[in-house]
Amino acid sequence: MPCNNKFQHELYLEQLGYEPVTLIVGTFNPDIGPLNQAAWFYGRTDSCCLWNVLPRLFDEPSLISASPHDWKQFCRNHQIAFTDIISSIDDADLSNNEHLRALAGFSDRAIEYKFEDFNFVDIRQILKMRPSIRNVYLTRAVTEAFWRHLWNPVMQYCNQNSIHERRLISPSEDSRDQQNAYNGHHPVSQIPVFEDYVLMRWKNEWHIK
């Protein structure tokens, strides 16, 4: 039995009641019952700081402790939408403990190396369906061939259609190594708070300066 994206019914922006200007793209949010406590996109707030960083890009207070209702209202106010690259992993077996551990670790590397049969979200189709979107952000790098192969067509489409496209540092704990490296190279101007480091990096790429 495949593992679906927990928010599969929202991946093509089916439930939006407004025209988005910005699309933020993640990787995969596994529907693994109580092992995934995220109530909405980027909702694992114990290990992901997006809801701290994103409001602060707009000079608003953090929403890290807010409810999904508040997150959705913020997105409506700023015409932001979310989706993921992967809709389902079709060769995942949730009765297989090894598979379940890989999914419950929320690791992109585990997704890349543990599984082979995927159902991907057509990001270009979303952009064609929603021409109001003028800014597209992927919340990870595309240095690995797996992710680069998936994202290159999106980059090309955005370039051809004058859409602002950038890859952002991940707001998850996986990026702490980059923070440590930055602080090591900038001993006089270190950024000790992880959320502030992510905010600095996002500001460099965001369409609002």
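Keep in mind that the model is predicted.

**Helix α3**

Let's start with α3, which covers residues 97–104. Three of its residues, His99, Ala102 and Leu103, are buried. Looking down the axis of α3, you'd find its buried residues within an arc of 95°, so they line one face of the helix.

What sits over the buried residues of α3? The cover includes β1 (3–4), β4 (86–89) and α4 (108–114).

The two ends of α3 have something to show as well. At its start, a side-chain oxygen of Asn96 comes to within 2.8 Å of the backbone nitrogen of Glu98. Just after the helix, Phe106 has a positive phi of about 55°.

**Asn29, a buried loop residue**

Next, have a look at the loop between β2 (22–26) and α1 (50–57), where Asn29 is found. Asn29 counts as buried because its relative accessibility is 6%, and the cut-off for buried is under 20%. Its side chain makes polar contacts with the side chains of Asn36 and Arg44:

| Side chain | Partner side chain | Distance |
|---|---|---|
| Asn29 | Asn36 | 2.6 Å |
| Asn29 | Arg44 | 3.2 Å |

Leaving out residues up to four places away in sequence, Asn29 also touches several others, including Asn4, Asn5, Lys6, Phe7, Tyr42 and Asp84.

**Thr83, a buried strand residue**

Thr83 belongs to strand β3 (residues 80–84). Buried or exposed, then, is Thr83? Thr83 is buried, because its relative accessible area is 0%. Not counting residues up to four places away in sequence, the residues that Thr83 touches include Leu11, Leu23, Ile24, Val25 and Gly26. Phe41, Val121, Ile123 and Ile126 are also among them.

**The largest nonpolar core**

Finally, there's the largest nonpolar core, with 66 residues. Which of its members touch the most other members? They are Trp51, Leu54, Phe82 and Trp151. Helix α6 (residues 145–160) gives this core its largest share, eight residues.

Leu54 is worth a look of its own. With residues up to four places away in sequence set aside, Leu54 touches Ile24, Phe74, Ile80, Phe82, Trp202 and Trp206. Ile24 turns up among the contacts of Thr83 and also among those of Leu54.

How values were computed:
Residues numbered from 1 in each chain as written. Predicted model: local features only at pLDDT ≥ 70, side-chain atom pairs only at ≥ 80, totals over all residues. Heavy atoms only, no water. Buried < 20%, exposed > 50% of the residue type's maximum accessible area, 1.4 Å probe, protein only. Helix = DSSP H or I, 4+ residues; strand = E, 2+ residues; numbered from the N terminus. Arc of directions from axis to C-beta. Contact = heavy atoms within 4.5 Å. Polar contact = N/O pair within 3.5 Å; in protein donor to acceptor, adjacent residues only side chain to side chain. Core = buried A, V, L, I, M, F, W, Y, C linked by side-chain atoms within 4.5 Å.
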